[in-house]
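I opened the model to look up domains, helix pairs and a few backbone details. My notes follow in the order of looking.

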Amino acid sequence: MLRKCFTIQSQNLFNNLKVSSTVTKKYFSSEVQFETKDFKLHKLNDGPKTNVTVNREDALNYYRQMLSVRRLEAASGAMYKEKQIRGFCHLYSGQEACAVGMKAALRPHDDVITAYRCHGWTYLMGASIASVLCELTGHIEGVSRGKGGSMHLYAPNFYGGNGIVGAQVPLGVGIGFASKYKGTDGICVALYGDGAANQGQIFEVYNMSKLWGTPVIFVCENNGYGMGTSAERASANIEYYTRGDFIPGIWVDGMDVLAVREATRFAVDHAANGKGPILLEMATYRYSGHSMSDPGTSYRSRDEIQEVRQTRDPITSLKEKILTSGMATEAEIKAIDTEVKKEVDEATKKARSDPGIKVEELTYDIYANDENLKLVRNVIPNAELPHKRFNTARNL
Amino acid sequence: MIGTLSKFKSALRPIGHVNKILARNVSHFTYQPDEKSPNVDGERTKMNMFTAINNAMDIALATDDSTLLFGEDVAFGGVFRCSLNLKDKYGADRVFNTPLCEQGIAGFAIGVAATGAKAIAEIQFADYIFPAFDQIVNEAAKYRYRSGNMFDCGSLTIRAPFGAVGHGALYHSQSPEAYFAHTPGLKVIVPRGPIKAKGLLLAAINDKNPCIILEPKTLYRSAVEEVPVASYECELGKADVLMNGNDVTLIGWGTQVHVLREVAERAKNELKVKCELIDLVSILPWDRETVCNSVKKTGRVIIAHEAPLTNGFGAELAASIQEDCFLHLEAPIARVCGWDTPFPHVFEPFYLPDRLRCFEAIKKIVKY
């Protein structure tokens with residue numbers, strides 16, 4: 001590989017306000033090197049590298065993925081306001097670099113489980129944008145046939161989409177344990193927020209996973225607010241990467257997709273090589289409220305949100321990196337924008353038009369094929385509906 | 001005060017029933033081995049209930065190498081000895097101790113089961129299951145439904161010793177079956193002795209739904225039967241008719257079955273009343289057909305359980321029975337249950353739906 005490099009810009013390395021990383025070098029091979037913010041380490045002697053490289057193909061792919069998630073969420077928000085989506089709906093806008101960066105470092109046999117802010121993850125783990133939006137509108141093409149809704153989305157190796165704050169984390173340890181038991185060298189990423197970080201069960205499984213050397217990557221996506229309470233008002237220790245105590249931890253700039261990818265690579269290497277669990281804190285930000293019923297402006301200022309959008313936005317940052325380093329042209333970026341918009345628009349159209357599942361499915365998939373539950377009572381006065389199983393579970 | 005009394009128990013003159021219930025070490029039931037055995041060929045051997053459970057888990061671990069068994073003190077055999085020697089036999093990576101963290105245990109077990117492996121999680125006492133309630137009710141029970149059957153944790157089995165033991169008090173004697181019976185997606189099972197325990201546990205482990213098996217802890221040692229050595233399963237969701245009769249239907253589960261059996265014998269001898277005794281076995285789903293067929297025949301039904309009266313599973317049975325058998329009923333459906341108090345320490349003998357209270361209920365229902 002041609003490794004002759006030269007500096008193309010002389011930006012201040014520490015000026016991370018405008019773009020979260022600074023271009024330092026460029027390879028002729030179209031691999032470009034960037035400097036990330038420093039990682040903070042807990043119980044680790046060495047951490048991930050801060051000078052990271054990315055090639056054109058990957059960079060454009062991350063850009064496309066992040067933009068798709070942003071647009072998917074914009075469509076979700078709009079359809080929610082139109083009452084096409086009912087119930088709960090938690091948007092990921094602002095946090096895209098976390099999911100996209102992590103996914104980029106995972107291998108096909110690694111597993112992921114997260115909480116209810118799961119639309120983007122589901123798409124990244126292999127579900128189409130249309131199947132995510134259809135799930136949100138409760139229609140038959142949804143990933144869970146419209147039965148789960150916004151919080152319960154699934155895909156291969158993606159165990160959901162869980163509605164209870166913090167409850168998915170112990171499951172992640174169980175899933176990671178299974179990989180170890182089967183000897184696959186797979187790891188499980190168990191995600192939670194800064195609010196859930198105070199749930200007792202998370203400390204239970206920090207202990208269990210360390211005790212048993214379970215290959216799990218705990219990821220605290222710290223977007224600054226647990227619902228409407230800022231991190232410092234809810235947590236005695238807001239250094240979330242240290243809260244596993246005996247579990248090594250890394251603070252990561254969660255607004256920089258390349259920093260996330262680099263940290264995740266490091267964590268995968270750690271967990272998959274028998275060193276047990278590791279904890280990543282992704283410092284990130286959510287632009288929307290906690291859910292659609294939270295305007296998100298009563299506990300923080302509009303200026304604060306605006307400032308993050310202008311100075312630290314993960315998508316804008318990557319775009320600037322791509323353009324200033326010459327990896328792609330403005331026209332190429334524009335083309336991606338158009339394609340993503342088209343895909344999301346088509347998916348939105350589909351989500352609006354698809355039929356919902358029939359009322360019979362109310363009683364489907366409560367149990368596995370079951371002689372004891374042929375009829376489910378009390379669904380219609382004086383009538384019983386048959387219990388059925390719809391398809392075959394992926395995990396069995 | 002009771003403590004002082006029992007200290008001088010030997011000095012007390014017998015004063016009938018009162019003295020009996022003060023004698024705290026006297027069991028409130030007499031165990032009767034199962035006459036109704038499964039049709040399993042081959043060798044049988046004498047086992048108490050914890051050995052039968054041990055035997056079932058032994059088979060489960062031997063037949064499927066994805067089977068894991070874990071819980072507090074499980075590697076050492078468990079506080080009730082159910083997992084004795086299994087760690088030595090199958091290794092510490094398959095049979096292991098967990099820290100004291102029920103929510104973590106349940107969540108971890110659901111995760112293991114979600115990958116398709118068979119997870120047998122022991123909650124040391126059913127009274128300790130409540131930190132895991134969220135995981136069981138919100139995660140385990142709904143996994144299949146909310147994913148449109150893309151994922152589930154059907155290979156999860158949770159075992160928990162439950163029920164009165166004579167001196168367990170508030171946090172070692174409760175019967176939480178009704179809480180879980182309120183949750184579609186779960187199966188809840190209670191064995192009455194070693195043969196059922198082995199067959200039901202194996203059925204639960206192999207069942208494709210998350211199952212909770214509540215083991216009456218007072219039967220672990222006191223219940224002894226000739227148990228088939230081979231593997232067999234008892235059908236889930238099926239009640240057992242243990243005695244036939246035309247006058248009164250008695251419904252119970254777990255230890256209470258043995259109380260009711262004794263009461264039924266006494267009613268036959270003293271009142272010439274023939275009771276039909278049903279062990280419900282499975283709380284969720286429950287065998288409505290067997291129960292209602294019996295009530296249609298007898299017209300009188302008594303339900304007895306150790307859990308408190310209000311919203312105990314007896315309430316669900318009573319509501320369903322009156323729905324199906326209203327014109328057959330000769331008397332109001334009776335419930336003999338624990339009182340609506342926390343499970344009391346000093347008053348445990350008063351609290352239980354014992355043979356005297358059940359016998360009174362029979363007298364009353366036949367005179368109605």
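This is a predicted model: local features need pLDDT of at least 70, side-chain atom pairs count only at pLDDT 80 or more; totals for chains, interfaces and linings use all residues.

Entry 1, domains of chain A. Which domains does the domain assignment of chain A give? I found domain 1 (38-353) and domain 2 (363-396); such bounds come from an automatic or database domain assignment. The centres of domain 1 of chain A and domain 2 of chain A, taken over C-alpha atoms, are separated by 34 Å.

Residues are numbered from 1 along each chain as its sequence is written, chains are lettered from A and ligands numbered from 1 in the order in which they are written, and side-chain values use heavy atoms, with hydrogens and water left out.

For chain B the domain assignment gives domain 1 (2-30 + 238-366) and domain 2 (44-228). I read 26 Å between the centres of domain 1 of chain B and domain 2 of chain B, over C-alpha atoms. Their contact (heavy atoms within 4.5 Å) takes 27 residues from domain 1 of chain B and 29 residues from domain 2 of chain B.

I also checked the UniProt record: an unreviewed entry lists "domain: Transketolase-like pyrimidine-binding" for residues 47-222 of chain B. UniProt positions are given in the numbering used here, feature names are shortened, and annotations may be inferred rather than shown by experiment. Over residues 47-222 of chain B I get 38% helix and 16% strand, with the end C-alpha atoms 10 Å apart. Helices (H or I, at least four residues) and strands (E, at least two) are DSSP runs, numbered from the N terminus.

I looked at helix α6 (residues 200-212) of chain A and helix α5 (residues 102-114) of chain B, whose axes come within 8 Å and cross at roughly 65 degrees. Axes are lines fitted to C-alpha atoms, for helices over the stretch in contact, and angles run from 0 to 180 degrees between N-to-C directions. α6(A) is therefore roughly perpendicular to α5(B); angles under 35 degrees count as roughly parallel, over 145 as roughly antiparallel, 65 to 115 as roughly perpendicular and the rest as oblique. On the α6(A) side, Gln201(A), Glu204(A), Val205(A), Met208(A) and Trp212(A) meet Glu102(B), Gln103(B), Gly104(B), Ile105(B) and Phe108(B) of α5(B). By class I have 5 nonpolar, 3 polar and 2 charged residues in the contact of α6(A) with α5(B). Ala, Val, Leu, Ile, Met, Phe, Trp, Tyr, Cys and Pro count as nonpolar, Asp, Glu, Lys and Arg as charged, and the others, Gly among them, as polar.

Helix α2 (residues 96-105) of chain A packs on helix α8 (residues 257-272) of chain A at an angle of about 45 degrees, with axes 7 Å apart. The two, α2(A) and α8(A), are therefore oblique to each other. Residues in contact include Ala97(A) and Met102(A) of α2(A), and Val260(A) and Arg265(A) of α8(A). I list 9 nonpolar, 2 polar and 2 charged residues for the contact of α2(A) with α8(A).

Most residues other than glycine have a negative phi, and most peptide bonds are trans. Lys43(A), not a glycine, has a positive phi of about 55 degrees. I place Lys43(A) in the loop between β4 (40-42) and β5 (51-55) of chain A. The peptide bond from Leu284(B) to Pro285(B) is cis, with omega near -10 degrees. Pro285(B) is in the loop between β12 (282-284) and α12 (288-298) of chain B.
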